[in-house]
Amino acid sequence: MKAHLLYRDRDADIERPLPWNEAALVQDLSLNTLFTAMARGDPFVFDVSRKVVLQGFGHGREAILYRQDVLRDCLAHPTVVRRLYTVAVGAMEAQKKHHLGFLARSPDSVLRYSVELMETFSGMLRALRQITDTFASAFGSDGWTTFFAMLKRELSDEYLASVQRHLKQLKFRRGVLFSAALGKGAKGDRYIIRQPPERRQNWLTRLLTQQPPSFGYTLHPRDDAGARALSELRDQGISRVADAVGQSAEHMRSFFIMLRTELAFYVGCVNLHDELTRKGYPAGFPSPAPADQRRLSFRGLYDICLALSIGHPVVGNDANADGKELLIVTGANQGGKSTFLRSAGLAQLMTQCGMFVAADSFCSSVCDGIFTHYKREEDTGMKSGKLDEELSRMSDIIDHITPHPMILFNESFSATNEREGSEIARQILSALLDARARIICVTHLYELARGLHERNMDNALFLRAERQEGGARTFRLLEGEPLRTSFGEDLYDSIFRSVHAPPVDGTVAAHGPD
């Protein structure tokens with residue numbers, strides 16, 4: 001039996017290696033905030049969500065749409081999905097009670113452990129069948145309809161009754177009946193388990209009726225060697241049955257492991273959607289486009305991790321960068337540029353793994369890798385200068401670049417003077433554009449932004465953080481050419497001058513140092 005809820009035609013492989021830049025993605029995009037909201041206190045959901053999201057590269061558009069349809073059903077029927085997940089978790093928890101069975105070596109121990117495990121799992125299979133009979137008709141996606149059809153086909157009433165009957169027989173409460181032939185060296189050979197004759201007569205009839213002759217041998221209670229020989233003989237007789245039952249138990253166990261894993265991701269998505277709904281934020285399904293179409297457009301795109309972290313509303317942004325390969329974002333300090341960059345990276349990452357995104361609408365070409373190059377703090381160990389460190393990280397990105405990458409720059413190459421930093425950034429951006437990379441670059445390097453803007457590039461879009469008269473930030477990005485200033489004096493005014501300004505109407509300044 002297969003779940004196939006993450007992939008149409010194969011099992012999920014969450015143990016495959018994560019991207020080489022996993023740590024940078026988690027740090028720069030604040031991904032732990034996202035995973036924590038998805039987990040809602042369940043460490044297994046946290047781990048699975050982290051792996052599925054970070055392994056989202058390399059999927060084609062059809063695979064993304066397949067997951068989206070499965071997730072739509074999950075959001076429409078969250079209670080059913082959580083019930084299925086609870087059954088799978090229950091199977092794994094029950095299996096832990098028999099964990100020592102994995103250490104079993106003798107056929108008798110293997111058989112006893114496997115029968116106990118299959119009895120536990122058969123109860124869970126009945127629960128899955130009951131859920132299927134009650135709710136399957138409400139689901140419409142290919143993934144769910146195939147899953148429920150498989151359960152109906154594989155877990156028929158006849159099959160479940162047969163399992164119970166066989167498990168009862170495999171306990172051998174009346175002893176083991178098997179035949180054998182005499183092999184080489186006078187050793188037993190060709191052991192075959194036999195079906196014991198049915199006892200159709202009651203005990204009184206059997207007592208009063210003459211039975212056919214039978215022969216037996218009784219061991220002395222202190223005959224240890226005889227007991228070992230008899231045990232070895234029994235093991236020989238049941239070894240093939242023990243192997244077969246052990247394989248069946250492992251097959252059921254593997255199914256519940258995979259079911260729990262695949263459902264954990266969707267439970268995480270449901271948890272996240274519930275949290276956004278509770279906070280009043282929209283969540284829409286993105287439109288993935290082929291990698292070679294260079295699509296990127298959005299409406300109401302906001303930073304989901306910021307929305308999850310603060311208690312007041314966050315601002316969304318609109319833009320149409322279809323056909324563009326370079327977005328240059330400039331403007332006022334603390335105007336929302338870095339927040340926008342993170343929102344774009346998060347939306348792309350969530351699109352890749354088949355999730356909804358934090359936007360009213362979002363359309364983007366799929367990529368096979370997201371790379372972040374953010375400004376880092378000073379190296380306190382003084383092992384290298386900041387510029388050397390930035391260039392080293394850039395070199396690592398180049399070494400791992402993929403055919404269809406998205407690269408996010410946040411104030412890169414600002415560790416040196418304006419002219420040198422602009423020239424370094426210009427050459428790197430030009431080389432990446434020649435390689436058909438898609439780039440979003442937040443920068444304070446005016447010489448870089450101005451130079452690129454004056455080239456009238458058809459494949460570039462310039463966004464600028466909006467600043468109102470008087471210095472107020474709206475945290476929205478609008479199309480506009482770069483300005484020479486980042487309005488740092490606004491920050492000075494808000495931090496220092498307001499502190500020393502005389503109170504108005506007898507009030508005291510509400511912020512600033514003492």
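R426 sits in helix 14, which spans residues 418–434. Helices here are DSSP runs of H or I with at least four residues, strands are runs of E with at least two, and both are numbered from the N terminus. The model is predicted, so local features need pLDDT of at least 70 and side-chain atom pairs count only at pLDDT 80 or more, while totals for chains, interfaces and linings use all residues. Residues are numbered from 1 along each chain as its sequence is written, and side-chain values use heavy atoms, with hydrogens and water left out.

**The protein overall**

- The protein has 16 helices and 12 strands.
- Of its 514 residues, 45% count as buried. Buried means under 20% relative accessible area, exposed means over 50%, and partly exposed lies in between, with a 1.4 Å probe and protein chains only.
- The accessible surface of the protein is about 27000 Å², and carbon and sulfur atoms hold 52% of that area. Accessible areas come from the Shrake-Rupley method with a 1.4 Å probe, and for residues only the protein chains shown count as cover.
- Among contacts between residues at least 6 apart in sequence, 76% join residues at least 24 apart. Contact means heavy atoms within 4.5 Å.
- The structure contains zero disulfides, a disulfide being a pair of cysteine sulfur atoms within 2.5 Å.
- C363 counts as buried because its relative accessible area is 10%. C441 is also buried, because its relative accessibility is 6%.

- Six strands form an open sheet in the order 8-9-10-6-11-12, with mixed pairing. Two strands pair if DSSP finds at least two bridges between them.
- Strand 8 (369–374) and strand 12 (473–479) are the edge strands, and each pairs on one side only.
- Neighbouring strands of this sheet are turned against each other by 15 degrees on average, direction ignored. Axes are lines fitted to C-alpha atoms, for helices over the stretch in contact, and angles run from 0 to 180 degrees between N-to-C directions.
- Strand 6 (residues 326–331) and strand 10 (residues 438–442) run parallel and are joined by four bridges. In this pairing, L327 stands opposite I440 of strand 10.
- Helix 14 lies across strand 6, strand 9 (405–410) and strand 10, and runs at about 165 degrees to strand 9.

- R426 counts as partly exposed because its relative accessibility is 33%.
- The side chain of R426 makes a polar contact with the side chain of E423 at 2.6 Å. A polar contact is a pair of N or O atoms within 3.5 Å; within protein, one must be able to donate a hydrogen and the other to accept it, and residues adjacent in sequence count only if both atoms are side-chain atoms.
- R426 and A449 are 23 residues apart along the chain, and their C-alpha atoms are separated by 9.0 Å.

- Strand 7 (residues 361–365) has four of its five residues buried, so the rest of the structure largely encloses it.
- Strand 7 pairs with strand 3 (residues 287–289) in the parallel sense over three bridges. Within strand 7, S364 is the bridge partner of P288, and S365 is the bridge partner of A289.
- Strand 7 also pairs with strand 4 (residues 296–301), in the antiparallel sense over four bridges. Here F362 in strand 7 is the bridge partner of F298.

**R393 in helix 13**

- R393 belongs to helix 13 (residues 386–399).
- R393 is buried because its relative accessible area is 16%.
- The side chain of R393 makes a polar contact with the side chain of E389 at 2.5 Å.
- The R393 side chain also reaches the backbone oxygen of Y374 at 2.8 Å.
- Leaving aside residues up to four places away in sequence, R393 touches H373, Y374 and R376.
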